[in-house]
Amino acid sequence: MATFKVNSVEHTLDIEPDMPLLWAIRDELGMTGTKFGCGIANCGACTVHVNGSSVRSCVTPVSAVEGQEITTIEGLAIAAAGTNSSTPDLTAVQQAWIDHQIPQCGYCQSGMVMAVSSFLASNPNPTDAEIDASITNICRCGSYPRVRKAIRALANV
Amino acid sequence: MKMNRRRFILASAIAGGGVLIGYSATRPSRHRRANEELVQGPERFISSFIKIDPSNDITIYIPHSEMGQGIHTSLSMMAADELDAAWEDVIIEQAPAIDLFANGDLVKGFAGEFGVPSFLMGLVNVSSFSVAELMNLQTTGGSTSIRYTGEYAMRTAGAAAREMLIAAAANRWSVSSTELTTELSYVQHNASGRSLSFGELAADAALLEPPENPSLKDRSQFNIMGRAISRNDIPAKVDGSAMYGLDAHSDDMLYAAIKLTPVFGTKLLSVDASEALAQRGVKRVIELEDSVAVVADNYWRAKKALELVNATFEESEFDKVSSTDIAARFDRELAESNGSTDKEVGDAEAALEESADVIEASYRVPYLAHAAMEPMNCTVHIQGDHADMWTSTQDALGMRGRVASVAGLPEENVTFHQTYCGGGYGRRLPFNWNMIDHATLIAKEFDVPVKTIFSREDDMQQDYYRPAVHNNFKAAFDANNKVIAWHSRFTGPIQVPGASHIAYDIENQSIRVVDGDSHVPIAAWRSVDHSQQTFFIESFMDEIAHRVGMNPYQMRMDLLQEHPRHRKVLEVAAEAAGYGQNLPDGHALGIAVQESFGSFVAEIAEVSMGEENQPIVHKVTCAVDCGWAVNPDTVEAQIESGIIFGLTAAMYGEITIENGRVAQGNFPDYEMVRMATSPEIEVHIVESGEALGGLGEPATPPIAAAVTNAIYILTGQRVRELPIKNHDFSRSNPVAQV
Ligand code: FES
Ligand code: FES
């Protein structure tokens, strides 16, 4: 049995302890916003938050998140709003992604948004070198210049 | 010979080398069929692709796949502008995968350019497909959507619908249609101050016959085209709600993991699956001709059990083949065969013979995988004589046809569910069928949906690759250092005619192609032959310039006197990049220019050498003349994307063959440009007002040579073989910038 919360909803699943969180979320819970890109923690497409920190869910066994609070892209805005009564539809990061017209095919962007969200939460005013070192997700469509512009704009507010 | 109507249209387009503008967008009146077959409520199709309901919601159906190129938005802008719709009233829908929405205009457009589009050539050669049936594709590729579907179908459909709405209003008010104007989804009669919304006129307009040649706007009359409009697909891509093929899901769904024969073209001999079958969740182990699949109730379980399957594949003559063997074979072909003519002008051989000075160089590039972020996948659900399918594709109708033929069903019995496409770049075009065939054969064994997923390793090792190419060059100079001969011999096949040709004014040219076959399957890869040829040509041009001590920019300008669009983008890029001015210490600029898919692109890369003696690309300045820009922000995004895609290939891209199979498996072996290695990119759109050019591909070709030309200045080393990462720059000997 594995028990964890996804976007504030508690789930108890009769699954193997070594099943990666990615496949528990996608195939067992049917939530498809979190993407499969490489399966070896290299591309970042599968990034989710565990207690607010980014992890690559393709290599995170469910046993490692027992009892933890997981946020996926579908729950990001609600998690960010916390207990505030006015729940925004989008976070500032998501809004910046629209303003800067970042996604192309969009497949990497769930992971990119999750990675940047936790990064900016812990480092609201990053240098370029810090951005380079921390945001290692792959975007095959090459949205990087726009991602950098959006991060800079978010850092300035 | 009796020709049906469709066949006639395409046949005449090819025979005449021309394009029948707008014909299929308005005739035969596809809107009548659409109203009969697709409409349930009071809304009406007014012309192909455009549906209007009484409350003035205007739905535009887009017959192309959205892969991030912003095509849904750009094509809607083209139709909406000609219609004089208010952009706020426009709803954008993916056209369903039915023949009513085939995008044969793409084919007609290409037919005008080259004959049948080369990346679709297989259709004509390999199957019962006739040229006429090409019209029935819904293909997205060749940087064609805006140029052909947009120009010849969407704009015409919008303009035709506008004229029909005006005619309906003229009838209603008993006035001449010349007294009527349109604006923001309304028809107006200024003399009497009356107006009716398009929605109020739609039912009447739908009864009319679309005009054959509706008049299109001048650029000065555009209200929507030319504005930077936000893409409609983006909001769903930031909150996880955008559905890709891989996201097809149902509670009773099964998942297949598959192991394909590692050596292309060989067959499965035997399987021991006893251990796999005993694993939790495993339903079946399925043996196919060239592969074995495990089907389970969760992909991870299927994949894990697959590792326990003992599969033996047949031995083959290719088992020992490596990249070195393939390279040796290519070199042998080049040495021994005269090949076939690609282009001959004057007498290059004679000029070389007589010339005072000759320069020679050999270039080569490796096979490349597409590596779209969304691994290949396909979900098929077969119930009796009907099938449903989900897959991310560049050709919905083609995929539907393929599933139908593999499942043994009539095409109409297969329902294609369109999703967003997590990257295409050519991988998801017709003929790259392996995934679709396997998924269909596996699903045939079950009565629930089965999702077959290629792992990243499968995706990389079972792709259809960008061909490896070798190219040998010679050029000859006269006594005044003028280039008088250009001699190029390269390994084929030619996928896009003309990519090896040069715009440079050189009197004698001999360009010939030899056989470049191997057992590695190949396909179109973003920008197709231009990706290799532009690297070769623009590098060798640079060698020529340095050889005679000319500035590489000036040399290009001098040899492009007859090509004002090339010159203009070079000029704009050079000016913007500060070419010829002082640069930071240790930086150099490399330059390259190319025309492809109707657009002209110059790129200037600013490069320095890092502490590890590896190049750092700081900035790329790009000027692009794509005629004019339908959606300028999308143009910039496509240029940025194309440059980074090409830069990844130039720096890291390499698929090698060992023991007949692909040696690379996942991203660490096939590295990508990432945030830390991504340059700043500055895009300048040059509006020449000429015919629209493509944008998905043209930015990719020039970047490799732009970077390696800068590396030459920094290190004195000419990179004649990609990727750059394989070169050792530790003994650098900088060259003075001329
Ligand atoms: S899928 Fe997890 S990092 Fe790539
Ligand atoms: S937007 Fe396509 S991979 Fe990032």
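Guide: **From one residue to the interfaces**

Ala311(B) touches Lys259(B), Leu268(B), Ser270(B), Val271(B) and Val292(B), once residues up to four places away in sequence are left out of the count; contact here means heavy atoms within 4.5 Å. The model is a predicted one, in which local features need pLDDT of at least 70 and side-chain atom pairs count only at pLDDT 80 or more, while totals for chains, interfaces and linings use all residues. Residues are numbered from 1 along each chain as its sequence is written, chains are lettered from A and ligands numbered from 1 in the order in which they are written, and side-chain values use heavy atoms, with hydrogens and water left out.

Ala311(B) belongs to strand β12 of chain B, residues 310-313 (strands are DSSP E runs of at least two residues and helices are H or I runs of at least four, both numbered from the N terminus). Val292(B), one of its contacts, stands 19 residues away in sequence, yet the C-alpha atoms of Ala311(B) and Val292(B) are 7.5 Å apart. With a relative accessible area of 18%, Ala311(B) is buried (under 20% is buried, over 50% exposed and anything in between partly exposed, with a 1.4 Å probe and protein chains only).

Backbone geometry in chain B may be considered next. Cis peptide bonds join Gly492(B) to Pro493(B), with omega of about 5°, and Leu722(B) to Pro723(B), with omega of about 5°. Pro493(B) sits in the loop between β20 (483-491) and β21 (508-514) of chain B, whereas Pro723(B) comes in the segment after α21 (703-715) of that chain. Asn56(B) occupies the loop between β2 (50-52) and β3 (58-62) of chain B and is buried at a relative accessible area of 7%. Ser8(A) lies in the loop between β1 (2-6) and β2 (9-13) of chain A and is exposed at 53%.

The meeting of the two chains follows. The size of an interface is often given as the accessible area lost when the parts come together. Between chain A and chain B the buried area is about 4700 Å², 55% of it from carbon and sulfur atoms (buried area is the accessible area, with a 1.4 Å probe, that two parts lose on being put together, summed over both). In terms of residues, 51 of chain A are in contact with 65 of chain B. Nine salt bridges are counted between the chains (a side-chain nitrogen of Lys or Arg within 4 Å of a carboxyl oxygen of Asp or Glu). Asp18(A) forms a salt bridge with Lys304(B), their closest N and O atoms being 3.2 Å apart. Across this interface of chain A and chain B, 32 residue pairs are in polar contact, both residues at pLDDT 80 or more. Within protein, a polar contact is a pair of N or O atoms within 3.5 Å, one able to donate a hydrogen and the other to accept it, and residues adjacent in sequence count only if both atoms are side-chain atoms.

On the side of chain A that touches chain B, at least two residues each come from α1 (21-28), α3 (92-99), α4 (109-122), α5 (128-134) and α6 (144-156) of chain A. The largest share comes from α6(A), with five residues. That side comprises 25 nonpolar, 14 polar and 12 charged residues (Ala, Val, Leu, Ile, Met, Phe, Trp, Tyr, Cys and Pro count as nonpolar, Asp, Glu, Lys and Arg as charged, and the others, Gly among them, as polar).

Zero salt bridges are found between the domains. Ser117(A), in helix α4 of chain A, is buried at a relative accessible area of 13%; beyond four places in sequence, Ser117(A) is in contact with His49(A), Leu76(A) and Val93(A).
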